[in-house]
Amino acid sequence: MRGRHTPRPSRALAWTMLVIALVATAFPFYWMVRTALTPAAELVADSGKLWPTNPTLINFQRVLGLVSREEAVAAGGSGASINFPLHTLNSLIYAGGIAVIQTMACAGAAYAFARLRFPGRDVLFLVVIGGLMIPGIFTLLPNFTLIRDLQLMNTMLGMMLPAMLMSPFAIFFLRQFFLSLPVEVEEAAMLDGLGPLSRFARIAVPMNIGPIATMVLITFVGMWKDYLWPLVVGRKEHTRLLTVGLSVFQQQSPNTAPDWTGLMAGSTLSVLPALLILVFLGRQLVQSLSFSGNK
């Protein structure tokens with residue numbers, strides 16, 4: 001019994017590596033929050049401290065436009081602010097819409113590749129997976145030309161359309177789970193007269209709700225931090241995302257004296273929605289994913 005409770009070197013090494021990885025992952029976010037709480041005038045003096053001497057919320061207030069321009073300039077800013085409610089709503093529509101629609105479309109394609117038999121299926125699947133090797137920058141100009149010709153510039157639909165229906169990784173990821181479905185369950189459904197669409201909607205999706213929800217979350221986080229494509233297509237205020245809003249906020253500060261405290265305050269605010277979703281839904285998604293894998 002004593003031998004069971006004696007810590008083994010391999011276990012201690014594993015925990016040590018886990019703690020190091022956790023600190024390396026969380027420290028940049030901590031330093032961002034710490035800089036956001038530091039007065040601009042004390043940023044250099046407090047650069048060697050783990051916590052600001054006089055923490056303040058003025059950087060958040062001026063980024064949100066809750067103080068006058070004179071107060072913002074006196075606090076070390078340029079007087080610029082971010083329309084946080086509008087940009088957050090745009091980011092939620094952009095990331096959430098793409099995550100849901102893209103995942104369901106890819107789930108249908110993944111089910112077809114996993115269960116349906118049609119000529120050229122394997123070749124077509126290899127072509128789809130080959131899309132993983134194409135850098136996103138290669139498709140930027142063709143997509144821009146298409147959206148411009150469709151007269152969808154500076155619209156939410158124009159920003160969402162190129163990524164709305166297709167993701168090679170999502171198809172590959174979900175196909176692996178559809179392949180693990182018991183064939184007997186679908187055969188019984190076929191005997192009851194269910195077609196491919198009914199089997200997909202009533203059997204495949206409910207039995208793989210964990211992987212599908214996980215894919216929605218992964219896609220949402222990826223789209224939430226998207227910057228280059230929304231910058232090119234949605235530059236107007238009414239379609240501007242949080243990432244683009246932060247860029248505009250940074251550009252309004254002088255190059256000789258960047259507004260680091262304001263930028264870190266805006267970055268902290270932009271991370272919070274995605275972070276809250278991960279905190280409240282991450283554990284449930286992992287549990288549902290493990291349950292689906294056991295089934």
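**Group meeting: an all-helix predicted model**

Gln102 belongs to helix 5. Its relative accessible area is 5%, so Gln102 counts as buried; buried means under 20% relative accessible area, exposed over 50%, and partly exposed in between, with a 1.4 Å probe and protein chains only.

A word on the basis of these values. The model is predicted, so local features need pLDDT of at least 70 and side-chain atom pairs count only at pLDDT 80 or more, while totals for chains, interfaces and linings use all residues. Residues are numbered from 1 along each chain as its sequence is written, and side-chain values use heavy atoms, with hydrogens and water left out.

Now the chain as a whole. It contains 15 helices and zero strands; helices (H or I, at least four residues) and strands (E, at least two) are DSSP runs numbered from the N terminus. The radius of gyration is 24 Å, well over the 19 Å that the globule rule gives for 295 residues, so the chain is more spread out than a compact globule. That radius is taken over C-alpha atoms, and the rule is 2.2 Å times the number of residues to the power 0.38. The C-alpha trace spans about 75 × 75 × 30 Å along its principal axes. Of the 295 residues, 39% are buried. Among contacts with a separation of 6 or more, 69% join residues 24 or more positions apart.

The chain is divided into domain 1 (23–75) and domain 2 (84–250), with bounds from an automatic or database domain assignment. Their centres, taken over C-alpha atoms, are separated by 37 Å.

Which residues have the most contacts inside the largest nonpolar core? They are Tyr94, Met159 and Trp229, in a core of 31 residues. Such a core is a set of buried Ala, Val, Leu, Ile, Met, Phe, Trp, Tyr and Cys residues joined through side-chain atoms within 4.5 Å. At least two of its residues come from each of several helices, including helix 3 (58–63), helix 8 (156–164) and helix 15 (260–294). Helix 5 gives the most, with five residues. Domain 1 and domain 2 each contribute at least three residues to this core. Trp229 itself touches Tyr94, Met159 and Phe144, among others, not counting residues up to four places away in sequence. A second, separate core has 20 residues, among them Ala107, Ala114, Phe177 and Met215.

Phe177 brings us to helix 9 (residues 168–179), where it is one of the buried residues, along with others including Phe173, Leu174 and Arg175. Helix 9 has twelve residues and reaches 16 Å from its first C-alpha to its last, close to the 16 Å expected at 1.5 Å a residue; the expected span is 1.5 Å times one less than the number of residues.

Is Gln151 buried or exposed? Gln151 is exposed, with a relative accessible area of 69%.

Note on methods:
Contact = heavy atoms within 4.5 Å.
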